[in-house]
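Keep the sequence and the 3D view side by side as you read.

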Amino acid sequence: MTDLALQIAGSKLAISIVLGGAVWLAARGNERPRLCHALCLTLFAALLVPPLIGLPVLQPEPSAAGPADVASRDAAPPVAAAIGDAQPAAVGGAVDGGWLAAYGGSGLVLLWLVGAVVILGWTVARTRSFRRSLRGASREAPAQLQRMAGEIARSLGLAKVPTIRTTDAVVSPMVYWGGDTARVLIPSALVEGLSRTELRYIVAHELAHVRRRDHLVRWIEWLACTVFWWNPIAWWTRRRLRAAGEICCDALVVNTFGCAPRDYARSLVRALDLVRTERTSRPPPFASAAHSGRRTRHLEKRLRMIITNRPAGTRSPALRTVLRGGLVVLLAFGFVYCSERTSPTAVEVSGSGTPLLNLTTADLEVSADPHDDSGSTRPGASRGATILSSQWLPPGTIERVLVDQPPPRAR
């Protein structure tokens, strides 16, 4: 089980490296945010899908000789013991690995599990802290804001208007999923400090996250980063996914409502100025929150993308089908993991129970000299010597043949 877990971990890391390279190429210049977003989602999905198909590409490692093997050698017949002694290098090499070879894999798997549990506990603690900060400070949005949200939701094509709440807590505008429906949280400072047009743009941006189902995407990325917390590409992809999602929402608002890009950018800056403070409560990992001032470089790139907004070109149905097919092919790699190749020196054919070597005990009688004291050749000596000189037989093969063979027939 330990070897299987490590094989899966290595395979998922290799897949994330390949898909991470595709994400990096798509994210250059922020000119293809939708493609970048789709590739990031494909990477997370490939990490989370169960590995079902083993691809035998790894060399099998020699197994260390444990106490059971030593006992079996001591109790083996003289012929088996002699053959076992003919393979000192293989056994010695496996034993030389020491404690690290014996318990290193188990330690890595244990560290993997402990790290995932720590991330889970940290998430629970952060979520409870966030809820405490909202307790008694959040309420249903005013009726005017509710009507505005309903109009925007219909323009975006939402079948159901999410719950709109305002809060006195120092937080950024955000969208999160409460288990039953998406919820939009708007700070009271924005309701009081922004003009109606500016507030409309902010609410439209948050509802664009709902339209794109980003509140569900947050759970997928959180689960992938929790399970594969040791994979730096997963955390890097998480940042790229969120950055691409923000740019996609900005483009959706500008293109849907036909607002001037500069006016929309000013509204975002104005809103962030009202909630920017060192005491801003950090949202839970599965919330889509607006920029809180911690990454100014990303905000500058985002504002530049809004101002230089170009209408997205309409892709032909054939091109969309090809792109979706390519994403499905990339996702399919998540079902494959690298496994060890089966040894070609197996004694029995798999599933048949038929020995590959039809030998008897008499056939395996060997001695240091193929001639006995009288000078005559012993039966089976040449065949036994050939077996002893064969280097392709792994340690323990002859012992298993002896055990599986019926008693020798009387001559």
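Is the crossing of helix 2 and helix 10 left-handed or right-handed? The crossing of these two helices is left-handed. A crossing is called left-handed if the near helix is turned anticlockwise from the far one by less than a right angle, and right-handed if clockwise. Helices here are DSSP runs (H or I, at least four residues), numbered from the N terminus.

This is a predicted model: local features need pLDDT of at least 70, side-chain atom pairs count only at pLDDT 80 or more, and totals for chains, interfaces and linings use all residues. Residues are numbered from 1 along each chain as its sequence is written, and side-chain values use heavy atoms, with hydrogens and water left out.

Two packed helices are described by the angle between their axes and the distance between the axes. Axes are lines fitted to C-alpha atoms, for helices over the stretch in contact, and angles run from 0 to 180 degrees between N-to-C directions. Helix 2 (residues 33–48) packs on helix 10 (residues 214–227) at about 45°, and the axes lie 9 Å apart. Helix 2 and helix 10 are therefore oblique to each other. Angles under 35 degrees count as roughly parallel, over 145 as roughly antiparallel, 65 to 115 as roughly perpendicular and the rest as oblique.

Now look at the residues. His37, Leu41, Phe44 and Leu48 of helix 2 meet residues of helix 10, including Val217, Ile220 and Leu223. Contact means heavy atoms within 4.5 Å. Ala, Val, Leu, Ile, Met, Phe, Trp, Tyr, Cys and Pro count as nonpolar, Asp, Glu, Lys and Arg as charged, and the others, Gly among them, as polar.

Helix 2 also packs on helix 14 (residues 317–332), at about 25° with axes 9 Å apart. That makes helix 2 roughly parallel to helix 14. The crossing of helix 2 and helix 14 is right-handed. Ala38, Leu39, Thr42, Ala45 and Ala46 in helix 2 touch Leu327, Leu330 and Leu331 in helix 14. This contact has 7 nonpolar residues, 1 polar and no charged.

Move on to helix 7 (residues 143–156) and helix 11 (residues 232–257). Their axes come within 11 Å and cross at roughly 90°. Helix 7 and helix 11 are therefore roughly perpendicular. Ile152, Ser155 and Leu156 meet Leu252, Thr256 and Phe257.

How far can you trust the model? pLDDT is the predictor's confidence in each residue, from 0 to 100. The chain averages 76, and 67% of the residues score at least 70. Over residues 64–68 pLDDT stays under 50. Where pLDDT is low, the predicted coordinates should not be read in detail.
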